[in-house]
Amino acid sequence: MEESISGFKIRGTWGDVVEHGERISRALRDVDANESAGEPSYPDAFAEWDEWRPKAHERIEEDVSEKTADQASVKEGKGEQAGKNPDEDIRTAGEKLTESYEKLDEDDADGAVDKWGESIEYVARAADSAGRKALRTVENTVYQRVMTQLAPYYFDNELISANLQRSTRNGEETFVFEINVNDDELKDEVSSRLAEYEDEVDRWHVDTEKDTDVVAAAEGVEPPEDENDGRSKPSKN
């Protein structure tokens, strides 16, 4: 692993990439960056990163590409957050406009202006929702079919900035995976943890998906719980 001001970088196989992501996640857990309490901590940002990081069972062109497009997508606007589609907001805007005219008939000029303003807000919200949906459609196509062919697969939020590149030379596939912790204080702590892993951990057990449902059905027993909660297990000798 190479460490610089731009982050923690590794070059190697897909297994090396997966292990690198797991080590960073484990280090962040060890310094409580994933917890709600404590300073500094980024539980939501950590969850986003831990979902995006490459897994042993995934394919870069399918899974990582899709996750990159999802995390880079335009966020939801106010209308979408309220669970309203553009048609609903346009209908509500029309109702507010009707109420505005009713206020005028009642000689309530202030009330008419208020209803008119509400109508405009709903129209704007409908346009915003429709525009965001259209942009997402374009983004998904661009990121998955074009950008990931030209640029690295990447992830970015308040906690982590990461990019993953792939190259093939002489029929051999290699990867470069660079991960930066955006909080300088946390970055120093993570660096120290990674150094400890290098000194103390002889073999890193990479997480893989386990299909226990078939076995459980055949044997009539419940599948065992993962006592590590889906985390990698470092071995110490």
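Which residues are exposed on the other side of α2?

Guide: With the caution that this is a predicted model, the residues exposed on that other side of α2 are D44 and E51. The buried residues of the helix are A45, F46, W49, D50 and W52, and, seen down the axis of α2, they fall within an arc of 165°, so they line one face of the helix. An α-helix has 3.6 residues a turn, so residues three or four places apart point the same way.

On the buried face, F46 has a relative accessible area of 6%, and, once residues up to four places away in sequence are set aside, F46 touches S25, L28, R29, A33, N34 and L159.

W49 has its own set of contacts, which, leaving aside neighbours within four places in sequence, consists of G21, I24, S25, L28, F155, N157, I160, A162, F177 and I179. As for aromatic pairs, a search of the whole structure finds six. In one of them the ring centres of W49 and F177 are 6.5 Å apart and the planes are at 25°, so this pair is stacked, the limit for stacking being under 30 degrees. That pair links distant parts of the chain, since W49 belongs to helix α2 (residues 43–52) and F177 to strand β5 (residues 172–181), 128 residues apart; both W49 and F177 are buried.

F177 also pairs with W52, and here the ring centres are 6.3 Å apart with the planes at 45°, so the pair is tilted. Because W52 lies in helix α2 and F177 in strand β5, this pair ties together parts that are 125 residues apart in sequence, and W52, like F177, is buried. W49, W52 and F177, together with F155, form one aromatic cluster.

In soluble globular proteins, nonpolar side chains tend to be buried together.

Definitions and conventions
Residues are numbered from 1 along each chain as its sequence is written. This is a predicted model: local features need pLDDT of at least 70, side-chain atom pairs count only at pLDDT 80 or more; totals for chains, interfaces and linings use all residues. Side-chain values use heavy atoms; hydrogens and water are left out. Rings of Phe, Tyr and Trp (its six-membered ring) pair if their centres lie within 6.5 Å; planes under 30 degrees apart count as stacked, over 60 as edge-to-face and the rest as tilted. Helices (H or I, at least four residues) and strands (E, at least two) are DSSP runs, numbered from the N terminus. Buried means under 20% relative accessible area, exposed over 50%, partly exposed in between (1.4 Å probe, protein chains only). The arc is that of the directions from the helix axis to the C-beta atoms. Contact means heavy atoms within 4.5 Å.
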